Amino acid sequence: MRLLVTGGAGFIGANFVHQTVTERPDVRVTVLDALTYAGNRASLDPVTDRIEFVHGDVTDVQVVDRLVADSDAVVHFAAESHNDNSLADPWPFVHTNVVGTYALLEAVRRYDVRYHHISTDEVYGDLALDDPARFTEQTAYNPSSPYSSTKASSDMLVRAWTRSFGIRATLSNCSNNYGPYQHVEKFIPRQITNVLDGGRPKLYGAGANVRDWIHVDDHNRAVWEILDRGAIGETYLIGADGEADNRTVVETVLEILGRDRADFDFVPDRPGHDLRYAIDSTRLRTELGWAPRFRDFRAGLEATVAWYRDNEAWWRPQKAATEAIYANNEQDLES
């Protein structure tokens, strides 16, 4: 198989590339990545001799056309994905998430190439903290932020191109990922690196917001199950029953690193902060036989903490700039 992976130098995409070249040596992998601030070429260093890397933008029609024409399948990870950044400047999210998806869909339509679209549970909005329900494939979209609304828009494009033009597409919506190579702007690596730096983690609001955590390797195994055996035109939800509120996550990180569980600070909540996400992955498990391997969230978190402790050279160059942005945002929320 000739496989094109967009966003393959980002967090989930890079882990997908690592997993693919290790477990599927018969797959020829080409990575397309714009190497924006969230893409890191160093994330692919361990596999650089086993892939083709193309530095380019997913909205560049000529580059996309050439790469798709030489592919049997496309997995589309490339996306702007940080909620705080989307509140500060929505345009990059519209450009990459909507226009970029359109460019890919037109290319796979021209060359009849298999396409899998990576999306998020955030397109569904949020659930009440005391609501026993979870998101399913039938849940109506109700995005809260510029980020989630552009991902919802890209999902709708995929569904329309599948129905109107018959492209061979599948779609997956996944819960919050954690693991190696995640940018330090994201919740878990930010808290880990703050503590490693001797600082105090910071929690929005009361820290009561609940996320459904899944290890990135489990997510990527699910993507391959869908690529191999998923029904064309269908959507699959990926989740590992890993619900935990943000305060519990921070307290656990502190405990793992030998600090007092109360050694953190609260900061003003961000606008439109979703309360709770929860995924029902029954269809994926029953139809395709997938199941998460990282069933113990604490154990997965311990492994992730160890990775960041051992790979300071990877995350250190990002840290100061990220914290400066957060400091400005927190100052704006307080004013």
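**Ground rules.** I number residues from 1 along each chain as its sequence is written, and I leave hydrogens and water out, since side-chain values use heavy atoms. The model is predicted, and local features need pLDDT of at least 70, side-chain atom pairs count only at pLDDT 80 or more, and totals for chains, interfaces and linings use all residues. For helices (H or I, at least four residues) and strands (E, at least two) I follow the DSSP runs, numbered from the N terminus.

**Helix α1.** I looked up the length of α1 (residues 11-23) and found its end C-alpha atoms 18 Å apart, which agrees with the 18 Å that its 13 residues should span at 1.5 Å a residue; the expected span is 1.5 Å times one less than the number of residues. I then turned to burial, where buried means under 20% relative accessible area, exposed over 50% and partly exposed in between, with a 1.4 Å probe and protein chains only. By that rule α1 is mostly covered, with 11 of its 13 residues buried, and I list these as F11, I12, G13, A14, N15, F16, V17, H18, Q19, T20 and V21. Their cover includes the strands β1 (2-6), β2 (28-33), β3 (51-55), β4 (73-76) and β7 (176-178), together with the helix α7 (216-229).

**Nonpolar cores.** I take a nonpolar core to be a set of buried Ala, Val, Leu, Ile, Met, Phe, Trp, Tyr and Cys residues joined through side-chain atoms within 4.5 Å. The largest has 33 residues, of which F16, V17 and I238 touch the most other members. At least two residues of this core come from each of β1, α1, β2, β4, α7, β10 (235-238) and α9 (282-288).

**Helix pairs.** My axes are lines fitted to C-alpha atoms, for helices over the stretch in contact, with angles running from 0 to 180 degrees between N-to-C directions. For orientation, angles under 35 degrees count as roughly parallel, over 145 as roughly antiparallel, 65 to 115 as roughly perpendicular and the rest as oblique. A crossing is left-handed if the near helix is turned anticlockwise from the far one by less than a right angle, and right-handed if clockwise. Contact means heavy atoms within 4.5 Å.

I first took α4 (residues 91-111) and α5 (residues 146-165), whose axes come within 8 Å and cross at roughly 15°; the two helices are therefore roughly parallel to each other, and their crossing is right-handed. Among the residues that meet are F93, V94 and Y102 of α4 and Y147, L157 and W161 of α5.

I next looked at α6 (residues 187-196) and α8 (residues 246-256), which pack at an angle of about 35° with their axes 10 Å apart, again in a right-handed crossing. Here F187, I188, Q191, I192 and V195 of α6 meet N246, V249, V250, V253 and L254 of α8.

Staying with α8, I found that its axis and that of α10 (297-310) come within 10 Å and cross at roughly 55°. These two are therefore oblique to each other, and α8 passes α10 in a right-handed crossing. The contact is made by V249, T252, V253, E255 and I256 of α8 and F297, R298, L301, E302 and V305 of α10.

**Single residues.** H219, in helix α7, is buried, with a relative accessible area of 1%; not counting residues up to four places away in sequence, I found that H219 touches I12, I118, C174, N177, I214 and I238. W290 sits in the loop between α9 and α10 and counts as buried at 4% relative accessibility. Leaving aside neighbours within four places in sequence, the contacts of W290 include I214, D218, I238 and L284.

**Backbone.** Most residues other than glycine have a negative phi. Y181, not a glycine, has a positive phi of about 70°; Y181 lies in the loop between β7 and α6 and is buried, with a relative accessible area of 13%. D241, also not a glycine, has a positive phi of about 55°; D241 lies in the loop between β10 and β11 (243-245) and counts as partly exposed at 48% relative accessibility.
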